[in-house]
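Open the model in your viewer and keep the selection panel at hand. The stops below say what to pick next and what is there.

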Amino acid sequence: MRELDRRIIYLLVFIALSVPLILKVAASPARLQFAEKVFQSIEEQKLGRGDIVLVAIDFGPNSMAENKPQTDVIIEHLLRKRIKFALYSQYLLAQTFLESIPQNVAERLMREQPNERWVYGVDWVNIGVKLGSPSVNIQALAESKNIVEYLRKDARGNSLADLPAFKDVRRLENIPLFIQLTSLVGTFESYVQFLKRDNVRPRFLHGCTSITIPKAYIYLDSGQLYGLLEGVAGAAWYSTLLTKKFPGREPDDALLINTGLGVAQLVILALIVVGNVMYFVQRRRV
Amino acid sequence: MPLSQRLIRFFTLIGGVYFFLKFLLPREFDLPGVGTVTFGKYHEQISVGLTALVSMSVGLGLGNMLFGHGKVVVYLRQGWVFSSALLLGLASMLVLSGLEWRSTRAQSSAAEEIFLLRDFALRIKEDAESKEPLSVGLIKPVEERNLILVESTARKLDELAALDGNGAESAEWKTLLTSVKAANDALRRSPGVESEFALNQALAAKLGELGAARGRLQAEPGVQQGLYRILFNGLFVSLGSAMFALLGFYIASAAYRAFRIRSVESALMMSAAVIVILGQIPLAIFGYSDFGQRLQSIFPVVRQWLLTVPNSAAFRAIELGASIGALVMAFRMWFSIESSSFGKQEKK
């Protein structure tokens, strides 16, 4: 039997990915326990005076298909719960997402709830990209006696001391929750190692791409990581939890992307099975 | 050995010693004969310095690209069309980013001017209440300073009332301007110490709100902002994600051709991979029948066990080995034994 032309394989994968997206088929996602822990962390989070959540967006256009839906759902949850947060990155290509994602989510929420407002500087701040050695920057942030003086300005050039979201924020104790969304190998370990001081360590939540899930599990097991969004599947389950909690919300793309990806993965599994069947048949003939 | 290499090795050694000790030593400890030592007191400044150093490398990269590709274009060497396209893209993004930065900077500068007035209002109160002897004659009396503040605020309010931009027509902005004007007028009527600086504080609070609102006001999007969005979001982000999306097709083709079950180990690996995939895809695409529901409840649990138990054990071992290797490599680079890092070793 002849092997399948690779163009047929490409066509099958293309159809598998595009048909669910075009027909807007959003199948119910698999239940992921660690995504529930992320949801529970944010749902139960109460900020004290001077507290703020730190969200590190360390991904670029290459992994936005998986990391952007994760960021969307997390930021939506933070905004709905009125938990103020600061966006930060060590990765230059994340710059565009630091501005656009919270702005778009806030606008979506204000369309859904015309009587409510979410305002930059009050509900969220974009600190911007910090170039340099991640371990040095993170350590300096963790050990800083005054985070506002260390960071000084946001990405728009406003002084952080003048922004209501950063009122009374001083030290690492004022960051009870840290969330990192990334595809980069090695950056998460820098935060685990260095974003702590003495006995003070924020609760860590992480959103990763599918390929780095196995590595993230060792941190879940050791307790260094509390919750994990496992690729776009994690974002899809999180989106389902958000819809259960806030029934009137506008559906996002996570479920659609997850369905398309799921169908494509089934096609790949089927191709592997076909390939192996053909291999065994040929071996028998020989 | 050339001086440049010696300098590199020296600073590498010193830098390594500093960060090594910074990680190991407690933040404060007692040294006999010296007292309490705070190691890492200037860590923030060092961090900022390293950020500045990395920023300089952007300039180096820029220079390299200009020289390298510029030569190709000037001498019309092979591939000069691609080099021209690269240089054109570089120039356009540089110009547009610069203009975008200028526009953003103008917004924050405008807000800073208002915060300056706020700080002045609070400073008048602080200086008057200060118990330290101030330079008599150099600081004007409270009433005079308050009147200067009032006049400056009035001029700023006139400027802001004429503002044109996104949100400047909003009711909220106008209400804020009115409330600042009211606080300013109140201070104008009682500029002395009668109010015990309550009017200064009230004006400072309102100016703070106004400054924050001014920082949020976006200027009307200009041509450069539109072009920047087309080039960055439209081209760069889209092309970047498309490039990586292609990998999905290659993986499918490679999986079909190469994943063959030739041994027990490969069969185990394949089974684990199938279970993990089935555990995270929405099996409800098989329908919401009993079969689909049952699959949806079984596979995620098995997947979780696989990832939590055998996978974690294996990955811990891999991480340990890789970390030891990285540690050895780090030591070699710290002591400049790694010859490829800093130039060629001299031949003996």
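A salt bridge, as the term is used on this tour, is a side-chain nitrogen of Lys or Arg within 4 Å of a carboxyl oxygen of Asp or Glu. The model is a predicted one.

**Stop 1: a pair across the chains**

Select K153(A) and E112(B). Their side chains form a salt bridge, with 3.1 Å from N to O. Between chain A and chain B the count of such bridges is six.

Next, colour the side of chain A that touches chain B. Helices α1 (6–23), α2 (33–44), α4 (95–112), α5 (134–143), α7 (187–194), α8 (213–222) and α10 (254–285) of chain A each supply at least two residues to that side. Which helix gives the most? That is α10(A), with 16 residues. By type, the residues on this side of chain A divide into 39 nonpolar, 19 polar and 16 charged.

**Stop 2: the whole interface**

Now show both chains together. In chain A, 74 residues are in contact with 66 residues of chain B. The two chains bury about 6,100 Å² between them, and 60% of that is on carbon and sulfur atoms. Residue pairs in polar contact between chain A and chain B, both members at pLDDT 80 or more, number 17.

**Stop 3: K22(B) and E143(A)**

Select these two side chains, which meet in a salt bridge at 2.4 Å, N to O. K22(B) belongs to helix α1 of chain B and E143(A) to helix α5 of chain A, so this pair joins two chains. Is K22(B) buried or exposed? K22(B) counts as buried because its relative accessibility is 6%, under the 20% cut-off. E143(A), at 21%, counts as partly exposed.

**Stop 4: helix α2 of chain B**

Select residues 43–74 of chain B, the 32 residues of helix α2. At 1.5 Å a residue the helix should span 46 Å, and its end C-alpha atoms are 46 Å apart, which agrees. Within α2(B), the buried residues are H43(B), S47(B), T51(B), G70(B) and V72(B). What covers them includes α5 and α6 (147–151) of chain A, together with α1 (3–24) and α3 (80–129) of chain B. After α2(B) comes L76(B), whose phi is positive, near 50°.

**Stop 5: E43(A) and K81(A)**

Over all chains the structure holds 34 salt bridges. One to select is that between the side chains of E43(A) and K81(A), at 3.3 Å, N to O. E43(A) lies in helix α2 of chain A, and K81(A) in the loop between α3 (64–80) and β2 (85–89) of chain A, so the pair ties together parts 38 residues apart in sequence. E43(A) counts as buried at 16% relative accessibility, whereas K81(A) counts as partly exposed at 30%.

**Stop 6**

Select E112(A) and R80(A), whose side chains meet in a salt bridge at 2.8 Å, N to O. Helix α4 of chain A holds E112(A) and helix α3 of chain A holds R80(A), so the bridge ties together parts that are 32 residues apart in sequence. E112(A) is partly exposed, with a relative accessible area of 25%; R80(A) is buried, with 12%.

How values were computed: Residues numbered from 1 in each chain as written. Chains lettered and ligands numbered in written order. Predicted model: local features only at pLDDT ≥ 70, side-chain atom pairs only at ≥ 80, totals over all residues. Heavy atoms only, no water. Contact = heavy atoms within 4.5 Å. Buried area = accessible area lost by both parts, 1.4 Å probe. Polar contact = N/O pair within 3.5 Å; in protein donor to acceptor, adjacent residues only side chain to side chain. Helix = DSSP H or I, 4+ residues; strand = E, 2+ residues; numbered from the N terminus. Nonpolar A, V, L, I, M, F, W, Y, C, P; charged D, E, K, R; others polar. Expected span 1.5 Å × (residues − 1). Buried < 20%, exposed > 50% of the residue type's maximum accessible area, 1.4 Å probe, protein only.
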